[in-house]
Amino acid sequence: MAAEAARYVPSHIAGNPRWLTDEQRALIELAARLGREKFAPRAPRYDRDASFPFENYDDLREAGLLGICVPKAYGGLGADFTTYVLVSAEIGRHCGATALTFNMHASSCLWSGLIGDQLEMTPAQRADHERCRVLHFQSIVRDGKVYAQPFSEGGAAAAGKAPFGTLATRVEDGYLVHGRKIFASLAGAADVYGVLCTLDKPGATQRDSLYLAVPADAEGVTVTGDWDPLGMRGTVSRTLQFDNVFVPENARLLPEGLYAQAATRFPHMFATLSPTYMGIAQAAYDFTVQYLRAEVPGMPPVTRRQYPTKQIAVAQMRVLLEQTRALFLQNARDAGIDPDKDTRMRLYAAHYTIMENANELCRLAIRTCGGQAMLKSLPLERMYRDSRCGSLMLPWTAELCLDRLGRECLYEGGERDENLEP
């Protein structure tokens, strides 16, 4: 009994700060329980087969977590940004692919709900938004539908640099959507795709962007291509093709033209993938401690914690983890409408740091645990591959974060590059 009581029991991803509310603690613990009991045991199979975690989504649906970011007025759990990213990180700690795809679903709710409520709209736009979003929130809460949010098209549009190549042509009673999205997580698994596209008209700009809910079973929607990547294999992020897909006017997840305002005024929404990698970083550290304490289920009880080299390595990992967590938690609390310049730059730095440090922690974990960590029977090998994909994730890759951060460090709003033609 004494030995059992001394077993290492990792705290949840938030590290139990005193500022957590009872509601936040309950949701994080719910995610932790699902992760321990359901998601983590299944993760090797989803990774091996590059198959979508449908069973995990059944569990999320049964637990009511599909509605985590649906406002309480519509029957959801009403989580704010801080609460959502803490729960998302806890899921990522147990199955990175599930957390990454769950983000696409929850983001659709955040754009229409929390963020939409803070945008400037005319009374007519507000009424239209209310009419549309109640249908989508009911679809999620009442019917258990899963939404996705495909951004990528192979260019910089998702990062706010250009109109989306996917076009929406206005027709009677709705729109015709034509184009494609690549690396579309939940392709073939979601019930509805929240498609970012551009209103088809001469001289269209980012201000003409639309955010439309396209049913997966609508005529003209196809899923193409193979999915055999390095990591995040359970996301099944294949290519979505839209060939003149008709959607009605109530498909709008935001009123026409409002996506550009949301993207400019609430930039933290482009960093909702980083909690997944914060969770992976925590998982790599937790596994290393359990391994060195000989507490990994199914492995021989041979401790390695007595060696100074191992102690120093774990100390270095803990320092890196706490540095990463500090930025993650500060970023979670910073999120809001119209952040100032310092907050925005801290957002870029936090997103970059979380993505890169997750992989560094996994690298250190493999080196510290030794040769057995290479085996696919242990989770570190999968964590390493999943974490290496973080810096590639649109809409803000590691390179895009550095580009934005470097420019905003040296330029104020409205200043021009001296090397550009006047």
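**Note on the predicted model**

1. Confidence. The protein chain has a mean pLDDT of 93, and 95% of its residues reach 70 or more. Here pLDDT is the predictor's confidence in each residue, from 0 to 100. This is a predicted model, in which local features need pLDDT of at least 70, side-chain atom pairs count only at pLDDT 80 or more, and totals for chains, interfaces and linings use all residues. Residues are numbered from 1 along each chain as its sequence is written, and side-chain values use heavy atoms, with hydrogens and water left out.

2. A contact means heavy atoms within 4.5 Å. Residues 156-160 also have pLDDT below 50, but this stretch has 16 contacts beyond near neighbours in sequence.

3. Largest pocket. Its volume is about 1000 Å³. The search runs on a 1 Å grid over the protein atoms alone; a pocket is an open set of points where a 1.4 Å probe fits, with protein on both sides within 12 Å along at least five of seven lines. Points are joined across faces, edges and corners, and the volume is the space filled by probe spheres set on them.

4. Pocket lining. The largest pocket is lined by 34 residues, and Ala-40, Phe-287, Gln-290, Pro-379 and Met-383 lie nearest its centre. Two or more lining residues come from each of helix 2 (22-49), helix 8 (274-292) and helix 11 (380-388). Helix 2 gives the largest share, nine residues. Lining residues have an atom within 4 Å of a grid point. Helices (H or I, at least four residues) and strands (E, at least two) are DSSP runs, numbered from the N terminus.

5. What classes make up the lining of the largest pocket? There are 14 nonpolar, six polar and 14 charged residues. Ala, Val, Leu, Ile, Met, Phe, Trp, Tyr, Cys and Pro count as nonpolar; Asp, Glu, Lys and Arg count as charged; the others, Gly among them, count as polar.

6. Salt bridges. The structure holds 30 of them. The criterion is a side-chain nitrogen of Lys or Arg within 4 Å of a carboxyl oxygen of Asp or Glu. Arg-48 and Asp-49 pair at 3.3 Å, N to O. Arg-48 is exposed at 55% relative accessible area, while Asp-49 is partly exposed at 43%. Buried means under 20% relative accessible area, exposed over 50%, and partly exposed in between (1.4 Å probe, protein chains only).

7. Asp-228 and Arg-233. Their closest N and O atoms are 2.6 Å apart in a salt bridge. Asp-228 is exposed, at 64%. Arg-233 is buried, at 12%.

8. Arg-363 and Glu-360 form a salt bridge, with the closest N and O atoms 2.7 Å apart. Both lie in helix 10 (residues 341-369), three residues apart, about one turn of the helix. Arg-363 is partly exposed at 36%, and Glu-360 is partly exposed at 28%. Salt bridges with shared partners also join Asp-47, Lys-376, Glu-381 and Arg-385 into one network.

9. Backbone checks. Leu-394 and Pro-395 are joined by a cis peptide bond, with omega about 15°. Pro-395 sits in the loop between helix 11 and helix 12 (398-410). Asp-173 is not a glycine, yet has a positive phi of about 70°. Asp-173 is in the loop between strand 2 (167-171) and strand 3 (174-184), and is exposed at 53%. Met-232, also not a glycine, has a positive phi of about 50°. Met-232 is in the loop between strand 6 (221-224) and strand 7 (238-248), and is buried at 1%.

10. Helix 7. Why is helix 7 (residues 258-265) described as largely enclosed by the rest of the structure? Because seven of its eight residues are buried. They are Leu-258, Tyr-259, Ala-260, Gln-261, Ala-262, Ala-263 and Arg-265. The buried residues of helix 7 pack against helix 5 (96-115), helix 6 (123-141), strand 4 (192-199) and strand 5 (209-215).

11. Glu-120. This residue is in the loop between helix 5 and helix 6. Glu-120 is exposed, at 59%. Not counting residues up to four places away in sequence, Glu-120 touches Gln-125, Leu-258, Gln-261 and Arg-265. Glu-120 and Leu-392 are 272 residues apart in sequence and 33 Å apart in space, C-alpha to C-alpha.
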